Structures are given as structure tokens and as C-alpha cells.
Amino acid sequence: MILLVQNDAEYEVDLRTMISAFFLGEKIRAVRPEEVASYGKYMFSEFKLMITALYDDNQYYQETYDGPVHIVEEGKKDDSGQSGDKSDQAPRLVTTRLRLEEKGHVLYSAYVYGDYKDRARYRNKLKRAIYRLLSEYTGRTLPWGSLTGMRPTKIASSALAKGKTRDEIIEYYQYTYDASETKGALATDVAIREKDIMDTVDPVTDYCLYIGIPFCPTRCLYCSFAAYPLIEYASRVDDYLEALKQELQYISFLNRNRNLVAIYIGGGTPTSLTDKQMDDLITHIEESFDMNSLREFTIEAGRPDSITKEKLEVMKKHGVDRISINPQTMNAETLRTIGRAHSPADIKWAMNEARKVGFKNINMDIIAGLPDENLDSMRYTLDEIKSMAPESLTVHSLAIKRTAHLNERFGQFKDIINHDMNDMLGLVDERAKAAQLYPYYLYRQKNIAGNLENVGYAKKGYECIYNIFIMEERLDTFAAGAGAITRLLNIENGITTRVDRVENVKNIEEYISRIDEMIERKSQGFENVLKA
């Protein structure tokens, strides 16, 4: 456990995120300084480290570093030749002192200059300071440096809009966040590719639709989605679909004067439905929505053990033009570990059947960092996927999600999880580009080791436009189903200034019984955006 001591909780989330990036799965306890004073020696033995963040408007320190962050290894001289607690220079206002202690010994301190109450300006300084302090302690650097947050490409997108060049943007990532040149280039190249697609839609007249099917054959070890085992909920599927149809009908009414450009049916596992249930649902979608402006219709076929020839034929008959078949890994032992009921041979069978039915745009998902996997495991998975030649490949970095079974059983798997997945991601990038698959969207999740990323690669012309629009918050996304989240944009002068989230309940029984309330939530959310 790590003890975080702070006299102001304003930046607690930022500090926690940075600490977790270096110490995946380690519990963090946040306390105030006065609480620490009451701890006995026996209490401190519980903590691996103690990190202190003290903010003070009236604190001065003799500055010996020309920059916003100054890290001192206790008892040693700094770069100026002066010891960490002496200087002949004039004192400068310091508003934060960070300190890292191990077993009662202070090992490093970091000093951050500026007005800590000015969050917009100060936040990055503080994050860079805690990043450098932890980097000094661990002897590790992180590929994204101090940059956190779900959408690192937004920085590049904003810079492109201001006329910055690719090289200037990459340098900005390096200078401002200590990010590597590789990650700066990745974010910039994705932003460039996204821009070409985002410029083809109008956020006023166009929108996307997400439909959630929260059923799965089994629950995977790493999953935190609202997903329910079909064996327990099979009797409720038809009632769920009837409620879902009501919600879809209302979404269609709200958007009767707009253009639906992308549909994404996700889960869970949508192919948990029978072929008859799927046929009925898609028929309802076609009858409810004007499909004339539709550019993309995606269904996550997902798990090979849920796919049949009949389901593939139903999807193809209704004009579904993009599906995902997601192996996660091609290593049989790992599939058993993570709770998948299919084999590598099943994955190849599903791909072959989808090709025979006529699907020409298939995505495959894989995960870097699964238990007991390493670079050789990833190399084998990529060798196997190469023979199936998907049009797009999405690689996820393993995230330890709060509600996942993996988090509950983390102690069991901690020692067999490769916490440094960056080499795996680098191999994916190399192999994807060799197959003429190029990065087109990028996002991150909480609790990924090393603050790494998820990346979608696709052949040119096969990018999933839904993924781009939702990640870059370019279009309204109306979402139906248990746990689905509608995202409504507030736009001023062509720029998204705020995103309003309208959430559905996650529980299936509550979703069915409270469907009128889910519809009313959307009505109110839509009305609020119109008034803004």
C-alpha cells in the first residue's frame, strides 16, 4: 500500500493516476497531514511508500533550477553544484513540495513553482513533478511521460486546427509532458487521419446510434462492462429486447429531422442473441430509422463461440457491413485463463465463415499484457492473425478495472502479468503497418500499467467512423440499452464546449421495468442541449 499525504485534495485524482501508472494494482490511501501525526511506527510498516504533497501560498525556497520543476535527491548535490537545501540565488515562491519516503527515510523531494490555485496552468506542472519524482525512484520512464487522460490525441487535434506542423506537435508532446517521440508521433498521426474523416460530417445535422446487448456466454476475467451470463438470463432476453425497441423508437422520433450516419451494436456480446432475435431487432431498426444516410453498420460478433452461420447470414442480409471477431489472444492456455469458451481453431472457423457469407470488413481485437503472456506470446498471436488478414486490428492494453474479476483476484495474477506492455504494442505497430494497417484512433483507460494506450489500426478506407466520432466527441451519440450512455454535444462556433451524458441503469431488470424513465431521461437531456 502507498500512503498519499496531502493538505488539499484538489489534485488527488491526478496524483493517484500518476502513482498507479508506476505501481499498477497497488492500493493508495489518501490522508491529511494531521492524520499522519497520530500514526504509530507499526502503522508505517504497512506502507511501501509515503508520498507527501503540501501546498502553501507563503512558502519560499531557494531556487536552483531554471524551470517549473526541481527534483532533489536528499543529501546529494543538484545540477547547480549546490546542496538541495542551500542556494545563493534569490528566493522564489514555491506552492508545492512533493516528498517521497521509504521506511521513514526521505529519498526525493520535488518543488513546483507557480499558483497552485490556477488549475488550468498548474496541473501539468504538478503532474510532471510527480512523474519525474517517481521516475527517479523507480529508474523507469513511461512512454507517455506525465500525460494522462483518455484522449491524448485531442492535444494534436487542437494544434492542427491552429496550423501547427507535425514536427512541432511531436516536439510539444516531448517538451510539455516528457512523452517519447514515438508516442508523440502516434498521437499526431492518428489526429491527422481522424481529421480527414471528421471533416465529412456536420455535428448539427448528423448523429450516431449505439445499441447495447448486455448478454455474454460467460464473463471474461478482465471485463467490467454491464454483461450478464446468458445461461442465467436467457428467460429475460425477449423482455429486454421489447424494452429496447421502445427506447429505439423514441430515439428515432427525437432525431426525425437528422441524418443517422453510423450504427454500432455492442455489448456484452450481441451474437449471444439467437438468429431469430437478431433478425427481429435489426428489422425493427430498419423500420424505425431512416437508413438513407447510413455510412456504417457495425455489430460486434465478438466471441467465436457465439457465432453461427445463420447469424452471419442474418447480419449480411440486413446490410451490416462491418463486424468484429475478437480472439484477444491466439494462445489456447491464455483463453482458458481469461474465461473464454472457445479455442484458436474456433476463431479461424468464424473468420472463414464470415468470409464465405461475404463480409469484407472485419475487425479483430487483441489484448496486450494478459496473464502469463509476454512478447513471444504476442508474436505468436500476430503470426496467426496475419493468416486471417482482417481489415482492421484493435490492440488493447490490459487494464485492471475496478469491477472486473481480475481486480478481485489480482493477488493471484499479479506476478504473471507483464506490467511493461510497451514492447508488445511496438510489435503490434510494426506488424500492423507491414500489413498496411495504419493507426486511426487512440484512447486510454484508467489502471493500465505504464499509462499505455489502446489503438485501432485499419486499411485505408476501412476505418470505423463510429469509433472516431465517439472518441473525438464529434457527433451526438444516442445510446439504447442497459448501461448505455448517450453523449450530447454542446457546440459553439463549431467547437464542442461541453458533453452532456445521459445514462441508463445497468441492471437488466431495472432497465425493463423503468424503460419509461430511460426515455424521459433522453427527452430531458435533449431539451437541455437545445436550450443551451
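User: Which residues does Ser 293 contact, leaving aside its neighbours within four places in sequence?

Analyst: In this predicted model, Ser 293 is in contact with Asn 259, Leu 260 and Val 261. A contact here means heavy atoms within 4.5 Å. The C-alpha atoms of Ser 293 and Asn 259 are separated by 5.8 Å, although the two residues are 34 residues apart along the chain.

User: Where is Ser 293, and why does Ser 293 count as partly exposed?

Analyst: Ser 293 is found in the loop between α10 and β13 (296-302). Buried requires under 20% relative accessible area and exposed requires over 50%. Ser 293 has 31% relative accessibility, so Ser 293 counts as partly exposed.

User: Why is Tyr 11 called buried?

Analyst: The relative accessible area of Tyr 11 is 1%. The cut-off for buried is under 20%, so Tyr 11 is buried. Tyr 11 has its place in the loop between β1 and α1.

User: What does Tyr 11 touch, not counting residues up to four places away in sequence?

Analyst: Tyr 11 touches Tyr 55, Tyr 116, Asp 118, Arg 119, Tyr 122, Arg 123 and Leu 126. For Arg 119, which is 108 residues apart from Tyr 11 along the chain, the C-alpha atoms are separated by 8.7 Å. Tyr 11, Tyr 55, Tyr 116 and Tyr 122 also form one aromatic cluster.

User: Which residues are buried in the helix α1, and what do they pack against?

Analyst: In α1 (residues 12-22), the buried residues are Asp 14, Leu 15, Met 18, Ile 19, Ser 20, Ala 21 and Phe 22. They pack against β1 (2-6), β2 (28-31), β3 (49-55) and α4 (119-138).

User: Why is the aromatic pair of Tyr 441 and Tyr 443 called stacked?

Analyst: A pair of rings is described by the distance of the centres and the angle of the planes. The rings of Tyr 441 and Tyr 443 are 5.8 Å centre to centre, with 20° between the planes. Pairing requires centres within 6.5 Å and stacking requires planes under 30 degrees apart, so the pair is stacked. Tyr 441 is buried, with a relative accessible area of 6%, and Tyr 443 is buried at 11%.

User: What makes the aromatic pair of Tyr 240 and Tyr 511 tilted?

Analyst: The structure holds 18 aromatic pairs. In the pair of Tyr 240 and Tyr 511, the rings are 5.2 Å centre to centre, with 40° between the planes. Stacked means under 30 degrees and edge-to-face means over 60, so this pair is tilted. Tyr 240 lies in α9 (residues 237-254) and Tyr 511 in α19 (residues 508-513), so the pair ties together parts that are 271 residues apart in sequence. Both Tyr 240 and Tyr 511 are buried.

User: Why are the helices α11 and α13 described as oblique to each other?

Analyst: Helix α11 (residues 309-317) and helix α13 (residues 344-357) pack at an angle of about 40°, with their axes 10 Å apart. Roughly parallel requires angles under 35 degrees and roughly perpendicular requires 65 to 115, so α11 and α13 are oblique. Their crossing is right-handed. The contact is made by Lys 309, Leu 312, Glu 313 and Lys 316 of α11 and by Trp 349, Ala 350, Glu 353, Ala 354 and Val 357 of α13. Those residues divide into 5 nonpolar, no polar and 4 charged.

User: What sets Gln 436 apart in its backbone, and why is Gln 436 called exposed?

Analyst: Most residues other than glycine have a negative phi. Gln 436 is not a glycine, and its phi is positive, about 65°. Gln 436 is in the loop between α17 (422-434) and β17 (438-443). Its relative accessible area of 54% is over 50%, so Gln 436 is exposed.

User: Is Glu 473 buried or exposed, and what is its phi?

Analyst: Glu 473 has a relative accessible area of 15%, which is under 20%, so Glu 473 is buried. Its phi is positive, about 50°, although Glu 473 is not a glycine. The loop between α18 (465-471) and β19 (476-480) holds Glu 473.

User: What kind of peptide bond joins Gly 267 and Gly 268?

Analyst: Most peptide bonds are trans. The bond that joins Gly 267 and Gly 268 is cis, with omega about 15°. Gly 268 lies in the loop between β12 (259-267) and α10 (275-288).

Notes: Residues numbered from 1 in each chain as written. Predicted model: local features only at pLDDT ≥ 70, side-chain atom pairs only at ≥ 80, totals over all residues. Heavy atoms only, no water. Axes fitted to C-alpha atoms, helices over the stretch in contact; angles between N-to-C directions. Helix = DSSP H or I, 4+ residues; strand = E, 2+ residues; numbered from the N terminus. Parallel < 35°, antiparallel > 145°, perpendicular 65-115°, else oblique. Left-handed = near helix turned anticlockwise from the far one by under 90°. Nonpolar A, V, L, I, M, F, W, Y, C, P; charged D, E, K, R; others polar. Buried < 20%, exposed > 50% of the residue type's maximum accessible area, 1.4 Å probe, protein only. Phe/Tyr/Trp six-rings, centres within 6.5 Å; stacked < 30°, edge-to-face > 60°.
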